[in-house]
Amino acid sequence: MQTKKQSAIESATQTVIGLGTSILIQVILYPLMGIPVTFSQNIIITLVFFIVSILRGYVIRRFFNKTK
């Protein structure tokens, strides 16, 4: 069973690994779809999803840890 701190670290680690991939995909995908987004706007969009992803992963992890 994980502690709350371990759950937070695991969730953040998984999300950080996906962060760079997400930025790269958006830099490629937005222009292909004709969506005009500056690099700084792309970073803001990515950070919003990044924070939501960390919180989502933490809550789900704690829920399943609690039901064991």
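**The helix pair, up close**

Guide: Let's start with the axes: those of helix α1 (residues 4-32) and helix α2 (residues 39-66) come within 8 Å and cross at roughly 150°. Axes here are lines fitted to C-alpha atoms, for helices over the stretch in contact, with angles running from 0 to 180 degrees between N-to-C directions. Helices are DSSP runs (H or I, at least four residues), numbered from the N terminus. α1 and α2 are therefore roughly antiparallel to each other, a label for angles over 145 degrees. Their crossing is right-handed, meaning the near helix is turned clockwise from the far one by less than a right angle. Sorted by class, the contact of α1 with α2 has 13 nonpolar, eleven polar and four charged residues. Ala, Val, Leu, Ile, Met, Phe, Trp, Tyr, Cys and Pro count as nonpolar, Asp, Glu, Lys and Arg as charged, and the others, Gly among them, as polar.

Keep in mind that this is a predicted model, where local features need pLDDT of at least 70 and side-chain atom pairs count only at pLDDT 80 or more, while totals for chains, interfaces and linings use all residues. Residues are numbered from 1 along each chain as its sequence is written, and side-chain values use heavy atoms, with hydrogens and water left out.

Now for some residues. Q26, in helix α1, counts as buried at 11% relative accessibility (buried is under 20% relative accessible area, exposed over 50%, partly exposed in between, with a 1.4 Å probe and protein chains only). The Q26 side chain makes a polar contact with the side chain of T46, at 2.9 Å; such a contact is a pair of N or O atoms within 3.5 Å, one able to donate a hydrogen and the other to accept it. V16 also lies in helix α1, but counts as partly exposed at 47% relative accessibility. V16 and F50 are 34 residues apart in sequence, yet 7.8 Å apart in space, C-alpha to C-alpha. As for K66 in helix α2, this residue is exposed, with a relative accessible area of 73%. K66 and I17 are 49 residues apart in sequence and 26 Å apart in space, C-alpha to C-alpha.

Terms used: Helix = DSSP H or I, 4+ residues; strand = E, 2+ residues; numbered from the N terminus. Parallel < 35°, antiparallel > 145°, perpendicular 65-115°, else oblique.
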